[in-house]
Amino acid sequence: MDIMFIYFEDCSLIINKVDLNEHDVDVTEIKQRYQDIGIPVFCVSVQDKRGVNTVKEHVKNQVVVFSGASGVGKSSIINCLQTEHQQD
């Protein structure tokens with residue numbers, strides 16, 4: 001994933017499913033690592049809507065691309081952000 005930040009300008013990192021954190025990952029450390037190099041980081045939970053409005057404001061009126069491994073919640077985030085069309 002880090003390669004995306006090299007090839008594209010104005011990238012942001014969205015850490016989804018922070019409500020789960022099954023493996024007791026220190027999200028604060030990961031978030032700080034990317035913020036230290038100038039990448040905006042958003043921690044969200046689609047389930048309890050945590051952080052969704054902040055992301056919504058950040059991407060407002062922009063063309064946005066979501067990238068990530070299967071099962072990380074890309075479609076869920078997109079569905080939360082848009083009001084008209086839902087992803088399957």
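Predicted model: local features only at pLDDT ≥ 70, side-chain atom pairs only at ≥ 80, totals over all residues.
Start with the charged side chains. The structure holds two salt bridges. One of them joins Glu 29 to Arg 33, with the closest N and O atoms 3.5 Å apart. That falls inside the cut-off, because a salt bridge needs a Lys or Arg side-chain nitrogen within 4 Å of an Asp or Glu carboxyl oxygen. Both residues sit in helix α2, which covers residues 27–35. They are four residues apart there, so about one helical turn separates Glu 29 from Arg 33. Glu 29 is partly exposed, at 48% relative accessibility. Arg 33 is partly exposed too, also at 48%.

Asp 48 has a relative accessible area of 42% and is partly exposed. Arg 50, at 41% relative accessibility, counts as partly exposed.

Next comes the empty space. Rolling a probe the size of a water molecule over the atoms shows where such space is left. Here the count comes to one cavity of 30 Å³ or more. The largest cavity holds about 30 Å³ of space. Its lining is made up of Val 44, Val 46, Val 52, Val 55, Ile 77, Cys 80 and Leu 81. Two helices, α3 (52–59) and α4 (74–81), each supply at least two of the lining residues. Helix α4 gives the largest share, three residues. By class, the lining has seven nonpolar residues, with no polar and no charged ones.

Key:
Residues numbered from 1 in each chain as written. Heavy atoms only, no water. Buried < 20%, exposed > 50% of the residue type's maximum accessible area, 1.4 Å probe, protein only. 1 Å grid on protein atoms, 1.4 Å probe; cavity = no way out; pocket = protein on both sides within 12 Å on 5 of 7 lines; lining within 4 Å. Points joined across faces, edges and corners; volume = space filled by probe spheres on them. Nonpolar A, V, L, I, M, F, W, Y, C, P; charged D, E, K, R; others polar.
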